Amino acid sequence: MEKSKKENKDMDDGERVKWSELPKELLPTIGKNLDTRIDIVRFRSVCNTWRSSIPLFHSNSPRFPLIFPSPYPAPTPLRTPAYLCQSTIYRLQRLNPSSTSSNKAWLIKVEQDSNSGGKFRLFDPISNRRTRYPNKTLNLFDFRVVELTKAYTLRYQVRAGSSASTNEIEQVLSLSDISIFGVNKVVMFPNSPWTNVNASAAFVIFNDGKLGFAKSGDEELILVDRNSFDYDDIIVYKGQFYVINSLGIVSWIDQSSLKLVQFLPPLCGLGSQKHLVESCGALYVVDRYLDRERRRVGNDAFYFYMGGEDCAKLIGFKVYRFDEEWGRWELKESLDDRAFVLGNDCCFSVMAKELSGYKRNCIYFTDQNETQVFSLEDNSVGYLSYFEDSHPSWRLPNLL
């Protein structure tokens with residue numbers, strides 16, 4: 001018996017190989033299968049051999065912000081091109097929490113500007129508000145970092161004041177961003193450190209329902225569907241673009257022909273606005289119900305939905321999951337331990353019990369610039385003040 005245990009132990013020790021002793025020819029194959037920048041950074045930080053086995057990114061990978069065709073002509077005083085900006089939502093958790101700190105993780109939303117020497121900016125993952133914290137160093141080796149999703153926005157970059165400086169850094173710092181009004185959603189795919197930017201494509205929902213398309217370097221946005229201007233949301237799901245309209249029809253977009261193919265049976269949801277969310281590999285539709293119809297203001301060329309005191313108010317949500325086996329939508333009464341976030345520029349799902357400040361079976365969203373939470377448990381709606389302990393992002397300074 002003792003001999004058998006010793007043989008098994010020797011066999012286990014014999015099969016064990018140190019990371020640094022892996023065959024060098026395997027390293028590029030492993031590294032090229034990593035599709036997030038944070039994973040590649042960690043891979044290259046193992047040792048000098050691993051660092052030299054793969055580059056940090058493709059020589060022609062997307063560098064944000066990217067010049068991108070605007071859905072609308074730029075205002076005359078600006079006379080500036082539109083830029084496609086990318087932010088990333090990460091899940092951070094301390095590897096060795098102190099006895100007084102929580103072991104739960106946090107969500108942070110980070111935007112890195114390659115034109116300003118890699119300068120980082122932090123945003124609230126729910127409301128997309130810019131957040132400012134004291135200048136502190138965040139050592140990523142102290143945290144378990146997981147990339148959850150990417151989000152995209154279209155902005156104009158304008159110079160604040162009239163800086164005549166020839167210093168490149170001072171010129172960059174004098175720039176400020178203006179979000180392009182009337183852009184509802186932007187998605188881009190593929191987009192990884194190994195992607196050639198010329199192979200990437202982006203779809204834009206703008207003017208509260210129109211669907212546009214462009215690739216890097218295009219000068220104009222192509223209108224994809226000239227017969228329908230009622231698209232609510234778009235998502236990249238399993239490597240393909242899917243879009244949903246206000247009637248609940250989900251279509252797959254053939255990128256080569258820009259044809260829309262109805263992929264799923266119509267969702268008979270009667271809500272006012274549809275959101276697409278991926279959760280645990282499944283596709284969900286979150287149907288937002290309002291107390292009245294949204295008021296459109298404008299003309300045929302440009303219109304938007306009215307805000308303010310007279311705008312429609314939320315009364316609830318319904319959640320549907322697509323059952324691939326039966327090819328139908330099923331109404332979900334509960335999200336179980338998960339929570340959905342319906343952000344201004346992206347929607348995603350999280351395991352609530354693992355995160356500080358998030359509650360299970362809830363939907364977090366913004367309405368009229370107010371951060372709110374809807375509970376599927378009792379169909380209640382609550383407001384979250386950014387300066388209250390109940391706000392999921394309020395505890396973030398404790399992390400820094």
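A residue is called buried when its relative accessible area is under 20%, exposed when it is over 50%, and partly exposed in between, as found with a 1.4 Å probe on protein chains only. The views below come from a predicted model, in which local features need pLDDT of at least 70 and side-chain atom pairs count only at pLDDT 80 or more, while totals for chains, interfaces and linings use all residues. Residues are numbered from 1 along each chain as its sequence is written, and side-chain values use heavy atoms, with hydrogens and water left out.

**View A. Asp337 and Arg360 form a salt bridge.** A salt bridge here is a side-chain nitrogen of Lys or Arg within 4 Å of a carboxyl oxygen of Asp or Glu, and in this pair the closest N and O atoms are 2.9 Å apart. The pair links distant parts of the chain, with Asp337 in the loop between strand 21 (328–332) and strand 22, and Arg360, 23 residues apart from it, in the loop between strand 23 and strand 24. Strands (E, at least two residues) are DSSP runs, numbered from the N terminus. Asp337 counts as partly exposed because its relative accessibility is 30%, and Arg360 is also partly exposed, because its relative accessible area is 41%.

**View B. The side chains of Lys109 and Asp345 meet in a salt bridge.** The distance from N to O is 2.8 Å, and the pair links distant parts of the chain, since Lys109 lies in strand 3 (residues 106–113) whereas Asp345, 236 residues apart from it, lies in the loop between strand 22 and strand 23. Lys109 is buried because its relative accessible area is 1%, and Asp345 counts as buried because its relative accessibility is 5%.

View C. Strand 22 (residues 338–342) and strand 24 (residues 362–367) run parallel and are joined by four bridges; in strand 24, Ile363 is the bridge partner of Phe340.

**View D. Phe263 sits in the loop between strand 15 (259–262) and strand 16 (273–279).** Phe263 counts as partly exposed because its relative accessibility is 45%. Not counting residues up to four places away in sequence, Phe263 touches Tyr242, Val250, Ser251 and Trp252, where a contact means heavy atoms within 4.5 Å. Phe263 and Ser251 are 12 residues apart in sequence, and 5.0 Å separates them in space, C-alpha to C-alpha.

Key. Two strands pair if DSSP finds at least two bridges between them.
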